[in-house]
Amino acid sequence: MYCSPGRIMSYPTEKMSAESYRKFRTDAKLVSETEWMRVYELAPKSFSYESKFLTDGLQMSAESFASRWPTMTQTERRAFASAYSAKADFTPDDEQIIDLIMKDGDDHVWNSLVTFIVSKHPQRDRVLALVRDRLEKHPDSPSNYIQALGIARDQRAVSVLLPYYDDYSSQAQAVPERADASFEDVLPIAQFLWCSEALFRITESKKFADGIRAYLQHPHPQVQWWARHALGEGRE
């Protein structure tokens, strides 16, 4: 999972403010660094993954990328995609880079890049059609695709998302309401909330918003945080 600066990998129950992040970041320990990113330990089991494309303004030409991509291992490709997804701008070179990845990338790479691509690629219809196609093929990790379609408010995605919504709803309802449940135990609720958020963004239907609000009073603090986030509360 890739976390941009200020986002914590340990899934906090409360939102970390920019001021709090700066304080943590000052005392953070650099635990690893690659060509594309740095990883800092903010606290035990809490990390910040900082993309050099964002923090250092790193750029890559399409020509350079085209020569390197075929030689990258799967691990290197995924690491590149995670860091690249945090890039703030989108240049003509980036469009060529993404087009190459669209032709020669797997679901792990796409999962890292899909929100970035949907938000910035100028050929919106072509990109959204590809994302819908990926979801219809039931990838192992569909959540990022679902969230990307919600961000894009893609009306054509509703029929693709509803089967996921029904499935996730059933799974979420089967989770016991316990404050001491493990993260893995409550993860099905997160999937339901993310899918509900996407459908609410697209349709603005009260049904999906009410489904999210039902979890604001859940005894597990992580579930409450997910529900607030899905409703747009406490975001920067």
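H138 sits out in the open, with a relative accessible area of 57%, which puts it in the exposed class (over 50%; buried is under 20%, partly exposed in between, with a 1.4 Å probe and protein chains only). This is a predicted model, in which local features need pLDDT of at least 70 and side-chain atom pairs count only at pLDDT 80 or more, while totals for chains, interfaces and linings use all residues. Residues are numbered from 1 along each chain as its sequence is written, and side-chain values use heavy atoms, leaving out hydrogens and water.

H138 is not a glycine, yet its phi is positive at about 55°. The residue falls in the loop between α7 (124-136) and α8 (143-152); helices are DSSP runs of H or I with at least four residues, strands are runs of E with at least two, and both are numbered from the N terminus. E204, also a non-glycine, has a positive phi of about 60°. Its place is the loop between α10 (183-203) and α11 (206-213), and it is exposed at 65% relative accessible area.

As for salt bridges (a side-chain nitrogen of Lys or Arg within 4 Å of a carboxyl oxygen of Asp or Glu), the whole structure holds 16. One of them pairs R68 with E35 at 2.8 Å, N to O. R68 belongs to helix α3 (residues 62-68) and E35 to the loop between β1 (29-33) and β2 (37-43), so distant parts of the chain, 33 residues apart, are linked. R68 is partly exposed at 30% relative accessibility, as is E35 at 42%.
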